[in-house]
Amino acid sequence: MNSPRLLQLHRDSDGAAEAAAGLLLPRAAVPPKFFYDAQGSALFDAITELAEYYPTRTEAGIFAEHGAAIADAVLARTGAAPVIVDLGADNCAKGAALFARLSPQRYVAVDISAEHLAASLAKLQREHPALDLVGVGLDFAARLELPAGLAGPRPLVFYAGSSIGNFDPSAALELLRQARTLAGDGALLIGVDLVKETEVLEAAYDDALGVTAAFNLNLLRHLNTLLGADFDLHQWRHVAHFDRAASRVEMHLEASQTCLVRWRGGQRAFAAGERIHTENSYKWTPRGFTALLREAGFAEPRHWTDARGWFALFVTDA
Ligand SMILES: C[S@@+](CC[C@H](N)C(=O)[O-])C[C@H]1O[C@@H](n2cnc3c(N)ncnc32)[C@H](O)[C@@H]1O
């Protein structure tokens with residue numbers, strides 16, 4: 001049996017200065033990548049099981065219905081037995097679901113949450129003992145670049161779950177340009193959440209069980225570890241709303257009382273009602289995302305959606 005290779009290109013401490021700078025902005029904002037310590041990754045996995053969280057189920061439904069056509073479109077570009085590079089691989093479940101149709105020669109799972117990734121790959125190797133598995137601990141928001149040769153000349157770059165929505169349109173364009181370079185002569189397969197009714201969107205980010213609230217609050221617990229901060233989680237509450245003009249769901253943490261937060265090398269007083277902006281999740285139209293892919297240099301985007309038009313999977317050459 002093979003063992004997964006693990007390449008650690010990112011250390012948790014690398015992000016400390018960025019998180020602290022975000023806390024000191026006039027409108028405090030900490031990027032969503034700081035959700036993902038091992039506990040945050042486990043909470044995200046729980047979110048994907050919630051009744052309100054339609055993206056994971058809807059994306060899987062599109063694969064179930066159109067998997068053969070999607071695989072044909074991918075293999076026409078990559079050739080047989082591609083290297084799959086899974087960006088934000090999390091528990092690797094979506095990447096592994098591609099194995100039956102694509103028979104990859106190597107699976108490269110990339111994630112900032114390296115501890116969670118290592119555990120997921122160890123489990124995956126037991127299920128696929130002969131497959132070449134590589135885990136890369138990387139913050140691709142800083143730069144999406146892999147060690148030479150790892151992806152090969154014609155990989156499939158796979159970016160599922162509409163994580164691209166965490167980037168504002170100009171940052172998404174920059175990340176897609178880097179994905180295009182990484183894809184070389186291969187292909188990109190990317191999941192994109194679409195504009196829909198406000199109630200559906202807001203429920204998906206504010207579920208009745210409070211799992212998304214816990215996921216959001218966990219960011220403060222992560223900052224307590226990362227920065228030596230003293231956030232008291234009882235003083236903060238989860239807020240989510242859809243801003244239709246900006247076409248994005250926003251998540252915030254709101255102070256329910258005045259508080260002074262200290263961390264190594266800094267501090268900030270928050271007034272009651274003051275917020276920390278923790279996530280944007282942009283919702284696209286098929287036409288808008290097609291235009292973005294073209295602007296990033298992808299020539300012939302095709303896409304498949306579910307019957308309700310809630311989610312889309314795009315395949316495009318590089
Ligand atoms: C919303 S989850 C999606 C997980 C999975 N791909 C899916 O579709 O269900 C986002 C994943 O991307 C990872 N991630 C977030 N920001 C990242 C970054 N800047 N660099 C690398 N990984 C990141 C997280 O750790 C998490 O596993």
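Mentor: A cavity here is a set of points, on a 1 Å grid over the protein atoms alone, where a 1.4 Å probe fits but cannot get out; a pocket is an open set with protein on both sides within 12 Å along at least five of seven lines, and lining residues have an atom within 4 Å of a point. Grid points are joined across faces, edges and corners, and a volume is the space filled by probe spheres set on the points. The model is predicted: local features need pLDDT of at least 70, side-chain atom pairs count only at pLDDT 80 or more, and totals for chains, interfaces and linings use all residues. Residues are numbered from 1 along each chain as its sequence is written, and side-chain values use heavy atoms, with hydrogens and water left out.

Searching the whole structure gives 2 cavities of 30 Å³ or more. The second largest cavity has a volume of about 30 Å³. Its lining consists of L87, Y159, I164, L175, L176, A179 and L188. Helix α7 (residues 169-183) contributes the most to this lining, with 3 residues; helices (H or I, at least four residues) and strands (E, at least two) are DSSP runs, numbered from the N terminus. By class, the lining of the second largest cavity has 7 nonpolar residues, no polar and no charged. In this scheme Ala, Val, Leu, Ile, Met, Phe, Trp, Tyr, Cys and Pro count as nonpolar, Asp, Glu, Lys and Arg as charged, and the others, Gly among them, as polar.

The largest cavity holds about 90 Å³ of space. Residues lining the largest cavity include H10, D12, E18, K33, D139 and H222. The classes in the lining of the largest cavity are 4 nonpolar, 3 polar and 4 charged.

Now the open space. The second largest pocket contains about 230 Å³. It has 14 lining residues, and D12, D37, A38, E115 and H222 are the closest to its centre. Helices α6 (114-127) and α9 (211-227) each supply at least two residues of this pocket's lining, and α9 gives the most, with 3 residues. The lining of the second largest pocket divides into 5 nonpolar, 5 polar and 4 charged residues. Because domain 1 (15-35 + 199-282) and domain 2 (47-196 + 283-317) both give residues to this lining, the second largest pocket lies between them. The domain bounds come from an automatic or database domain assignment.
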